[in-house]
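Please keep the structure in view while reading.

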2 protein chains.
Amino acid sequence: MHKGSSLNKEVALLKRYLTKNHLKLTQQREAILEAFLKVDHITAEELYREISKKKRPQMGLATIYRTLNLLCEIGIGQQRHFDDNRTIYDNVLHKKHHDHLICNKCEKIIEFESPAIERLQEEMAARHGFTLSNHRLELFGHCIDWKNCRDWQKSAGR
Amino acid sequence: MHKGSSLNKEVALLKRYLTKNHLKLTQQREAILEAFLKVDHITAEELYREISKKKRPQMGLATIYRTLNLLCEIGIGQQRHFDDNRTIYDNVLHKKHHDHLICNKCEKIIEFESPAIERLQEEMAARHGFTLSNHRLELFGHCIDWKNCRDWQKSAGR
DNA sequence: TTGATATTGATTCTGATTCTCAAAATACAC
DNA sequence: GTGTATTTTGAGAATCAGAATCAATATCAA
C-alpha cells in the first residue's frame, strides 16, 4: 500500500518529530494530519465527524484529541478558545499567521494580519527577556453592520 | 445592618445595571463584587474558597459563576482561558488594560501594556469597519531564565 | 519475521460550568 | 411599613469537552 507518495513537507516534519521522540507514524496520525492540512481551523469534533464519515469510520475521538495536541506540539496547529466551550485548532501553516477581529453582536469573525503589530510584539517580548514562539490576538467589538447582526435584537432586548 | 456605606462607583454601576434590567441587588452579589474588586484576576473556584471561608460559608459555587458572568456583561470583568481548563476572570478596572507574556516552559506570566500596539489595533479595527470594546493579546515563548524554569527538564526529557 | 514498544478505540472518568427547582430574599406598589 | 409578585439562591444533578485507562493491535528496528 504505497500511499499517494505525496508526502509533502508537513508529513516529513511530522515524521521527523515522531522519529526523534521514538513515536510511531500511524495511519490514523497521517489521516488526521492530511485532513487538518486542508482546513484553516477546525474543532476536534468536526474533524472527528469529517474523518470518521469519509475515511475511517472506526476512528476514535480520543485519537483525534491526542493527535491534534501532537500537531500543536510540533507547531503545525495552535489551540484557540473562543468565547466559551468551543476550542478550535488553527492550522498555522495554512496561511501566514493571522489575528481575529470578532463581532460581539453577530458571529462575524474577520482574519487580519499586521506586520506592524507583530514587530511591536517582538519588541515588547525582547524588552522583557522573552523569545516568542507564537501569539494570540483577538479584538472584540461590533462590526459596522451591527444593525443586521443576528443577535442584536436579542441582546438589545434583554 | 447598614453596610459600610462605602458604595463606590463600581457598586453604583452594578446597581444601575441591575435596576435597568429588573434584577436585584443581593448580599451575595455585593459580596462577590467587593471581593472581585480587590483582586487583579481570579478563578471562580478561588473566589468561591475566598468568600465561603471568610465571609459567607453557605455561598454556593453556582452563584459565583452566575455573578462573575454578570460582572463580565457589565464590563467589570473579562473571562480569559489560559492553556487548558483554567478560566480566570480579569478585573478590568483594577488597572489599565494589560496584555500577557506567557512562558511556555515555566508558569511565568508577565503583564505589560503597549499604547503603540493598542493604537495599531484601533487602526486595524477601523479599517475593517469595527468599533472595539476590548481585546486580548497573549504572547507565548520562553523567558530568559528558561534554564531555571520549573518544567524545563520535564519537557526536555520527553 | 520477530519482539519490544507505542498506539488505538471503546469506554470510563474527571472536573468545570450550567441547569433545576423549592425555599428564601428582594423590590415595588400600596 | 406590609404584602406580594418576581428574582435569586444553594444544593445537588446534569452536561460536556477532554483526558485517562487498558486490552488488543500496529509499528519499527534489528
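## Contacts with DNA strand C

The side chain of A:Arg29 places an N or O atom 2.5 Å from a phosphate oxygen of DNA strand C in this predicted model. A:Gln28 also takes part: one of its polar side-chain atoms lies 2.8 Å from a sugar or linking oxygen of DNA strand C. From chain B, a polar side-chain atom of B:Asn69 is 3.4 Å from a phosphate oxygen of DNA strand C.

Around DNA strand C there are 20 residues, of which A:Lys24, A:Arg29, A:Thr63, B:Lys24 and B:Tyr65 come nearest. Of the atoms of DNA strand C that come within 4 Å of the protein, sugar and phosphate account for 76%. At least two residues of this surface are supplied by each of helix H2 (27–38) and H4 of chain A, and H4 of chain B. The element that gives the most is H4(B), with four residues. By class, the surface near DNA strand C has five nonpolar, ten polar and five charged residues.

Among the atoms of DNA strand D within 4 Å of the protein, 76% belong to sugar or phosphate, and the rest belong to bases.

Which part of DNA strand D does the side chain of A:Thr87 approach? An N or O atom of the A:Thr87 side chain is 2.8 Å from a phosphate oxygen of DNA strand D. The side chain of B:Thr26 likewise has an N or O atom 2.9 Å from a phosphate oxygen of DNA strand D. B:Arg66 reaches a base: one of its polar side-chain atoms lies 2.8 Å from a base nitrogen of DNA strand D. The elements that give two or more residues to the surface near DNA strand D are helix H4 (61–74) of chain A, with helix H2 (27–38) and helix H4 (61–74) of chain B. H4(A) gives the most to this surface, with four residues. The residues near DNA strand D comprise six nonpolar, nine polar and six charged.

Over all chains, the structure holds twelve salt bridges. One of them links A:Arg80 with A:Asp90, whose closest N and O atoms are 3.2 Å apart. A:Arg80 belongs to strand E2 (residues 77–81) of chain A and A:Asp90 to strand E3 (residues 87–91) of chain A, so the pair ties together parts that are ten residues apart in sequence. Both A:Arg80 and A:Asp90 are buried.

Another salt bridge brings together the side chains of A:Glu138 and B:Arg136, at 3.2 Å from N to O. Because A:Glu138 lies in strand E6 (residues 130–143) of chain A and B:Arg136 in strand E6 (residues 130–143) of chain B, this pair joins two chains. A:Glu138 and B:Arg136 are buried as well. Through salt bridges that share partners, A:Arg80, A:Asp90, A:Glu138 and B:Arg136 are joined into one network.

## A salt bridge within one helix

A:Glu50 and A:Lys54 form a salt bridge in which the closest N and O atoms are 3.3 Å apart. Both residues lie in helix H3 (residues 44–54) of chain A; they are four residues apart, about one turn of the helix. Is A:Lys54 buried or exposed? A:Lys54 counts as exposed, at 63% relative accessibility, while A:Glu50 is partly exposed, with a relative accessible area of 38%.

## A buried asparagine

A:Asn91 is found in strand E3 of chain A. With a relative accessibility of 2%, A:Asn91 counts as buried, because the cut-off for buried is under 20%. The side chain of A:Asn91 reaches the backbone oxygen of A:Leu37 at 3.4 Å.

Technical notes: Residues numbered from 1 in each chain as written. Chains lettered and ligands numbered in written order. Predicted model: local features only at pLDDT ≥ 70, side-chain atom pairs only at ≥ 80, totals over all residues. Heavy atoms only, no water. Salt bridge = Lys/Arg side-chain N within 4 Å of Asp/Glu carboxyl O. Buried < 20%, exposed > 50% of the residue type's maximum accessible area, 1.4 Å probe, protein only. Near = heavy atom within 4 Å. Polar contact = N/O pair within 3.5 Å; in protein donor to acceptor, adjacent residues only side chain to side chain. Nonpolar A, V, L, I, M, F, W, Y, C, P; charged D, E, K, R; others polar.
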